Amino acid sequence: MFPVGFQTIDGRMSPNPAHTFSPPSPSRCVVFSVAGQALALPVEAVRRFLPLPRLDRLPTAPRPVEGVFRYQGEIVPVLRLDALLDLGAGSEPGGLYAPLILITWRGRPTALLVDRVHGDVAVEPEDRVASDPSLSFNGCAAAAFADRVTGRGGAVTLLDPARLLSEAEGRLLDAFRAAEERRLAQWEDGGGDAP
């Protein structure tokens, strides 16, 4: 099943008034590739899939920040997962047709630059193998499951979107976003000069 394209994925769950026991249900994950690695995010973490817009690239941005764009009135940083997770030394971003996965990080929109979105898959609880948090950066690898989507075989690493950045990186990203908002506000305000 292909992900919902450019439609919103609503991750809200409806309350279940029945207090009956039910076996754990499969979780749905969006599977994508970055630098030849099969990765996944929980479907409820994905807000949208977007085509790569024209990005503002600033020389002061750290390497994992490919650039920023404005989306629904907010500055959205675009993070390169290949650089953030150190998946490919010197690899170039996906190019003109690389998709973005829009997530919410700390209450603000953040986009992840990926090479390809393969689709979504239901993963049964017994098919997930928990990852040792000490073996991945900031414990961002939550689990792994068999790759049934990309056609390459092997395993897919399920990422915890809340742990993609360390606290220090999060503060730097927030400061970078605030600086970009101030910079763009100068253009919108006519340079700050009052008539």
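Biologist: Start simple. How many helices and strands does the protein have?

Modeller: The secondary structure comes to two helices and 11 strands. Keep in mind that this is a predicted model.

Biologist: In what order do the elements run from the N terminus?

Modeller: From the N terminus on, the run is β-β-β-β-β-α-β-β-β-β-β-β-α.

Biologist: And the confidence? What is the mean pLDDT?

Modeller: The mean pLDDT of the protein is 80. Of its residues, 80% reach 70 or more.

Biologist: Where does pLDDT stay under 50?

Modeller: Over residues 1-23. For that stretch the model has 27 contacts beyond four places in sequence.

Biologist: What share of the residues is buried?

Modeller: Buried residues make up 41% of the 195 in the protein. On contacts, take those between residues at least 6 apart in sequence: 64% of them join residues at least 24 apart.

Biologist: Give me a case. Which residues does Ser 27 contact, leaving aside its neighbours within four places in sequence?

Modeller: Val 121, Ala 122, Val 123 and Arg 128. Ser 27 itself lies in strand β1, residues 27-34.

Biologist: Sheets next. What is the strand order in the five-stranded one?

Modeller: β3-β6-β7-β5-β4, as an open sheet with mixed pairing. β3 (46-51) and β4 (65-71) stand at the edges. Each has a single partner strand, so one side of each is left without a neighbour in the sheet. From one strand to the next, the twist averages 30°.

Biologist: What packs on that sheet?

Modeller: Helix α2, residues 167-188. The helix touches β4, β5 (74-80), β6 and β7. Its direction makes about 135° with that of β5.

Biologist: How do β6 and β7 pair up?

Modeller: Antiparallel, with six bridges joining β6 (residues 99-105) to β7 (residues 108-113). Ile 103 has Thr 110 in β7 as its bridge partner.

Biologist: Switching to charges. How many salt bridges are there?

Modeller: The structure holds 10. One of them joins Glu 74 and Arg 108, with the closest N and O atoms 3.1 Å apart. Glu 74 is in strand β5 and Arg 108 in strand β7, so to speak distant parts of the chain, 34 residues apart.

Biologist: Which helix residue does Arg 108 also meet?

Modeller: Glu 181, in a salt bridge at 2.5 Å, N to O. Glu 181 lies in helix α2 and Arg 108 in strand β7, so the pair ties together parts that are 73 residues apart in sequence.

Biologist: Asp 82 and Arg 80: buried or exposed?

Modeller: Both are buried. Their side chains meet in a salt bridge, 2.7 Å from N to O. Salt bridges that share partners join Arg 57, Glu 66, Arg 80 and Asp 82 into one network.

Biologist: Last topic, aromatics. How many aromatic pairs does the structure hold?

Modeller: One. The ring centres of Phe 69 and Tyr 71 are 6.4 Å apart. Their planes are at 65°, so the pair is edge-to-face.

Biologist: Are those two buried or exposed?

Modeller: Phe 69 and Tyr 71 are both buried.

Definitions and conventions: Residues are numbered from 1 along each chain as its sequence is written. Side-chain values use heavy atoms; hydrogens and water are left out. Two strands pair if DSSP finds at least two bridges between them. Helices (H or I, at least four residues) and strands (E, at least two) are DSSP runs, numbered from the N terminus. Axes are lines fitted to C-alpha atoms, for helices over the stretch in contact, and angles run from 0 to 180 degrees between N-to-C directions. Contact means heavy atoms within 4.5 Å. Rings of Phe, Tyr and Trp (its six-membered ring) pair if their centres lie within 6.5 Å; planes under 30 degrees apart count as stacked, over 60 as edge-to-face and the rest as tilted. Buried means under 20% relative accessible area, exposed over 50%, partly exposed in between (1.4 Å probe, protein chains only). pLDDT is the predictor's confidence in each residue, from 0 to 100. A salt bridge is a side-chain nitrogen of Lys or Arg within 4 Å of a carboxyl oxygen of Asp or Glu.
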